[in-house]
Amino acid sequence: MSDPLADLAARAAGEPFFLASLLAAFARSEGLDDAGLAAALACPPGKLTLLRLCRAPGSDPDEFWEDVSRVAEHFALDAQRLAEAVKRGRVVVRMQAARPAAGGFLLAARDGEGEPPNRPPEE
Amino acid sequence: MRPSDPRFPSPEEGLALHVRLGGDDPVASAEVCQTYLAPLLGWLGAKYPRLDPHFRQTAAHEALMAYVQRPAGYDPGRGDLGAYLRMAARGDLLNLLRREGRHHNNRSPWPAVEGGEVAGNLSGEDEEPSGKLIKDEEAEACRAFLSDVEQRCTEEERRVLRLMVAGERRNAVYAEAIGVTGLALAEQNREVKKVKDRIMKRLTRGGPKHE
């Protein structure tokens with residue numbers, strides 16, 4: 001039987017509450033497997049399961065950076081890399097949700113709209 | 001039935017995790033899952049050894065996912081988090097088995113695999129008096145710990161602690177509770193965070209380790 005915690009993290013990818021959902025969307029958009037995702041985040045592969053089970057960062061910019069910084073600090077990750085992956089994941093999720101109603105290229109033009117600005121997390 | 005190896009965390013540790021989950025800690029959900037999944041699976045395995053492990057794992061997963069997304073469903077005043085999750089997993093297991101029974105029409109999988117005892121075990125609380133006693137002790141430990149932390153809090157912190165325990169996640173509600181709604185939003189959030197951080201320190205310092 002596989003690792004029950006990893007199985008739980010895989011299920012969490014289907015729940016917007018979890019960071020897993022955004023990391024899965026990011027990985028899909030980049031064609032990454034687990035090893036690729038770990039490399040993109042500069043995250044030891046053994047930490048991916050718990051990272052996925054964290055709550056997704058809030059959407060308010062302050063809250064977003066607060067959450068990303070906290071998660072990054074806990075897992076000793078680069079907050080900027082994590083933030084980029086989360087923001088990309090969010091855009092992908094939004095595009096997928098809107099796809100039935102609009103053309104993909106129009107949505108692509110809105111890529112990044114409404115995402116927290118790029119800035120380093122506050123110390 | 002006494003939960004066995006791997007051990008469930010103490011009621012105090014459970015309460016601290018619950019408060020972090022209801023607060024603004026994005027890592028808390030991962031820690032809850034990591035801390036409780038193995039004990040839950042161990043408990044379900046000991047209680048329903050002849051059931052397909054897939055059912056037990058799915059039930060434990062559903063109980064944890066539901067709790068971390070809606071922590072307000074758990075009331076620490078009524079008992080330990082471990083007991084709550086065991087009850088939730090048992091309920092989810094029963095639902096799974098019912099669904100499975102419907103799926104296979106009359107070929108219900110559970111009366112056969114557990115000698116007809118599963119329905120009875122799943123439908124109610126722990127059937128053993130010792131199990132009830134342990135749960136009462138855990139609930140009392142949980143209440144005593146919460147009361148001890150409250151006594152070491154200021155009135156403002158107590159209001160925030162109660163909201164955290166209740167699983168409140170909206171920052172505006174916390175801002176209202178500490179009377180900072182007149183400040184700019186970012187400032188409100190900072191003030192709320194300061195109070196929450198103080199409470200978390202009290203919780204982690206005040207929580208005696210289990211055994």
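1. Polar contacts across the interface. In this predicted model, seven residue pairs are in polar contact between chain B and chain A, both residues at pLDDT 80 or more. A polar contact is a pair of N or O atoms within 3.5 Å; within protein, one must be able to donate a hydrogen and the other to accept it, and residues adjacent in sequence count only if both atoms are side-chain atoms.

2. Elements on the chain B side. H3(B) provides the largest share, ten residues. Helices are DSSP runs (H or I, at least four residues), numbered from the N terminus.

3. Salt bridges. Chain B and chain A share two. A:Glu66 and B:Lys193 pair through their side chains at 3.5 Å, N to O. The cut-off is a side-chain nitrogen of Lys or Arg within 4 Å of a carboxyl oxygen of Asp or Glu.

4. Extent. Chain B brings 26 residues to the contact and chain A 22. Contact means heavy atoms within 4.5 Å.

5. B:Gln188. This residue sits in H10 of chain B, residues 185–206. B:Gln188 is buried at 10% relative accessible area (buried is under 20%, 1.4 Å probe, protein chains only). A polar atom of its side chain lies 3.1 Å from the backbone oxygen of B:Thr181. Beyond four places in sequence, its contacts include B:Ala175 and B:Val180.

6. Conventions. Local features need pLDDT of at least 70, side-chain atom pairs pLDDT 80 or more, while totals for chains, interfaces and linings use all residues. Residues are numbered from 1 along each chain as its sequence is written, chains are lettered from A in the order written, and side-chain values use heavy atoms, without hydrogens and water.

Note on methods
Helix = DSSP H or I, 4+ residues; strand = E, 2+ residues; numbered from the N terminus. Buried < 20%, exposed > 50% of the residue type's maximum accessible area, 1.4 Å probe, protein only.
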